[in-house]
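Here are my notes for a first look at this model.

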Amino acid sequence: MTDSILSKAATMEIPINSNGDSRTAEDDGLEQDLQQVMVSGPNLNETSIVSGGYGGAAEGIIPTSSIKGPAIRFNPEYFDRRCGSAPKPDIRSKSRGITPSHSATSRIANQPGHYPAPSMHHSNSNPSMMSEEATRGVAVEKFDSVKKWSINTYKCTKQMFSERFGRGTKTVDLELEAQIDVLRETKMKYERILRLARELTNHFYNMVQTQQALGDTFADLSQKSPELQDEFGYNAETQRLLCKNGETLLGAINFFVSSINTLVNKTMEDTLLTIKMYENARLEFDAYRTDLEELSVGPRDAAAMVRIEIAQQQYQIHKDKYERLHSDVSIKLKFLEENKVKVMHKQLLLFHNAVSAYFAGNQQQLEQTLRQFNVKLKPPGSDKPSWLEEQ
């Protein structure tokens, strides 16, 4: 019913009553109400109005692309007056001047001019949409990562069991594998040397501490026993000399232990870590190589050709990785061997000269040995933290 009334107002059709009079008092009120309900709004450039006579049955569509002007806004007071639910205004009072309705005036005054509500809704929803897209992207990336990891783990596990039960082929470099086995055996032997050297250090440290305590006891007794003063004094001096030489030898042994520990637990361990990466790359390479071989002997339809192409790409990627790590392992093994010979030559010579000079009682030769190998002794009490560190 509202659309019919608005369409009548927009087309400005005036019906003819039964006695031929084309204007009535009600129609005068209609014209003045139309002036009241016309408010500013967007042009109706892309709409159409369905029109028809009040009494006729013919209907037509009038394009409004050429109509310029204000849009028509619904007026509830006008609607109520047309439906008969509100008292009709006085025509004579309207003929003197048009007084706008209070409710229409307040409605127009309170209406926002720039339609901020849609823009506010858009601005509030835009960050949420961006956050949802970012979260969705992270989830998809994690899913792809888990998917790739699962496929790779399945292929490698299958290859490993095939090699274990003798059903699969394995890429082997006999010369490199022999060098790796020698390195692992050498590391085990050097770990044994390191363990024994640490035990020797602990035992010798305890012996030096015992000699120092024994020398202090002899010195104390030489003061309290006049009849044995010379004998206690000689022994006290001997124990103090042995204690001093023992501390010098202990510094040389500690330097030996530190160098062996660096060689075993850092240099060799780094090379073994690279070897472990190489072995994993070899397993992945064989797994994707086997997968490509199985696809190559299968059917050659369109779907199979796509799978073969993808398998070929993965095979090439893992082949490049395997060859790169193979080269890295060969280079590290070569440098490790050179470094091991250099380090052990120096440390074994130091250990031999220091121990020989100590047990020969040659204090000057012992000190010269430490100066030759740039071994610096720590002063007594240097291992204890300072009073600032204890706070």
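1. Start with a salt bridge between K189 and E185, whose closest N and O atoms are 3.6 Å apart. A salt bridge here is a side-chain nitrogen of Lys or Arg within 4 Å of a carboxyl oxygen of Asp or Glu. Both residues lie in helix α7, four residues apart, about one turn of the helix. K189 counts as exposed, at 51% relative accessibility. E185 counts as partly exposed, at 45%. The terms are set as follows: buried is under 20% relative accessible area, exposed is over 50%, and partly exposed is in between (1.4 Å probe, protein chains only).

2. On the basis of these notes: this is a predicted model, in which local features need pLDDT of at least 70, side-chain atom pairs count only at pLDDT 80 or more, and totals for chains, interfaces and linings use all residues. Residues are numbered from 1 along each chain as its sequence is written, and side-chain values use heavy atoms, with hydrogens and water left out. Helices (H or I, at least four residues) and strands (E, at least two) are DSSP runs, numbered from the N terminus.

3. The salt bridge count comes to 14. One of them joins the side chains of K155 and D291, at 2.8 Å from N to O. This pair links distant parts of the chain: K155 is in helix α6 (residues 116-164) and D291 is in helix α8, 136 residues apart. Both K155 and D291 are buried.

4. Look next at R282 and D286, whose side chains meet in a salt bridge of 2.6 Å, N to O. Both lie in helix α8, four residues apart, about one turn of the helix. R282 is buried, with a relative accessible area of 10%. D286 is buried too, with a value of 0%. Salt bridges that share partners join E163, R282, D286, R289 and E293 into one network.

5. Now the nonpolar core, meaning a set of buried Ala, Val, Leu, Ile, Met, Phe, Trp, Tyr and Cys residues joined through side-chain atoms within 4.5 Å. The largest one has 42 residues, of which I180, L183, I275, Y278, V329 and L333 touch the most other members. Helices α7, α8, α9 and α10 each give two or more residues to this core. The most come from α8, with 17 residues. I180 is in contact (heavy atoms within 4.5 Å) with I275, Y278, V329 and L333, leaving aside its neighbours within four places in sequence.

6. T186 also sits in helix α7 (residues 174-224). T186 is buried, at 15% relative accessible area. Not counting residues up to four places away in sequence, T186 touches M268 and K340.

7. L366, T369 and L370 are buried. They cover an arc of only 95° around the axis, so they are on the same side of α10; the arc is that of the directions from the helix axis to the C-beta atoms. The face turned away from this buried side carries the exposed residues Q364, R371 and Q372. Cover for the buried residues includes α8 (229-296) and α9 (302-360). After α10 comes N374, whose phi is positive, near 55°.

8. How many disulfides are there? The count is zero, taking a disulfide as a pair of cysteine sulfur atoms within 2.5 Å. C156 is buried, at 11% relative accessible area. C243 is buried at 6%.
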